[in-house]
Amino acid sequence: KVNQHWLPSSDSALNLGATHATTPLRWANVYADTLHGAGNFTTITGSSTVNIDSGVLKVDSSKVGINQATPLAPLQVNNLGFGEVSGHIADTGTSGSENLGTFTLFNKTQFRSAKLLIEIDGSSNRVFECAEAVITHDGGSGARITTYGVVQSNSSETSQANYDVVIDSNNVNLVITPRVYSVRFDVRVTWQAMVA
């Protein structure tokens with residue numbers, strides 16, 4: 001137990017731990033409030049925010065920002081945010097309107113225009129559909145989507161769903177309406193969006 005400061009005799013002259021012959025002699029764990037200087041770290045474990053060089057790299061419990069001190073998305077590089085949502089649409093009946101899938105993408109006050117990569121998996125018939133779409137909104141209640149590049153995993157090329165975008169309160173939502181019935185759909189959507 002030490003209750004006094006430990007200071008080296010001169011600046012940058014001594015080490016805590018050492019390399020001894022071919023085997024380094026290291027401390028097992030270091031517990032500290034602040035760590036200054038350069039180092040070779042394989043793992044850094046913490047319970048709070050890591051902020052390197054005022055937002056060049058910012059990591060908190062749920063977001064990472066690169067050149068962004070206050071990231072709005074799970075990953076944000078400068079003014080471009082990246083995120084993902086997933087879920088499912090329950091077994092549909094005889095019309096797609098019976099089971100719409102609504103997936104919240106992001107807050108309309110934070111992001112404006114986005115590109116989506118949408119994958120739906122008809123779990124009972126194992127048809128995968130992948131679609132790319134771009135969306136934008138006017139900051140109010142108006143939103144538009146253009147879907148392109150839709151492809152299915154089987155040769156029938158039967159469209160599995162229709163895609164729309166709506167604003168609900170402050171949320172920008174992707175709405176998926178199945179076109180194949182009595183099928184449960186698993187859904188994954190990744191998005192990249194411009195800061196509003």
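## Terms and model

Contact means that heavy atoms lie within 4.5 Å of each other. The model is predicted, with local features needing pLDDT of at least 70 and side-chain atom pairs counting only at pLDDT 80 or more, while totals for chains, interfaces and linings use all residues. Residues are numbered from 1 along each chain as its sequence is written, and side-chain values use heavy atoms, leaving out hydrogens and water.

## Lys-108

Leaving aside neighbours within four places in sequence, Lys-108 is in contact with His-137, Gly-139, Gly-140, Ile-167, Ser-169, Asn-170, Val-172 and Ala-196. Lys-108 lies in the loop between β8 (101-107) and β9 (111-122), where strands are DSSP runs of E, at least two residues in length, numbered from the N terminus.

Lys-108 is buried, a term for under 20% relative accessible area with a 1.4 Å probe and protein chains only. A polar atom of the Lys-108 side chain does, however, lie 3.0 Å from the backbone oxygen of Gly-140.

## Val-56

In the loop between β3 (50-52) and β4 (57-59) sits Val-56, which counts as partly exposed because its relative accessibility is 39%, and partly exposed covers the range between buried and exposed, the latter being over 50%. Not counting residues up to four places away in sequence, Val-56 touches Gly-65, Ile-66 and Asn-67. The C-alpha atoms of Val-56 and Ala-69 are separated by 7.1 Å, although these residues are 13 residues apart along the chain.

Technical notes: Helix = DSSP H or I, 4+ residues; strand = E, 2+ residues; numbered from the N terminus. Lys, Arg positive; Asp, Glu negative; His and termini not counted. Salt bridge = Lys/Arg side-chain N within 4 Å of Asp/Glu carboxyl O. Polar contact = N/O pair within 3.5 Å; in protein donor to acceptor, adjacent residues only side chain to side chain.
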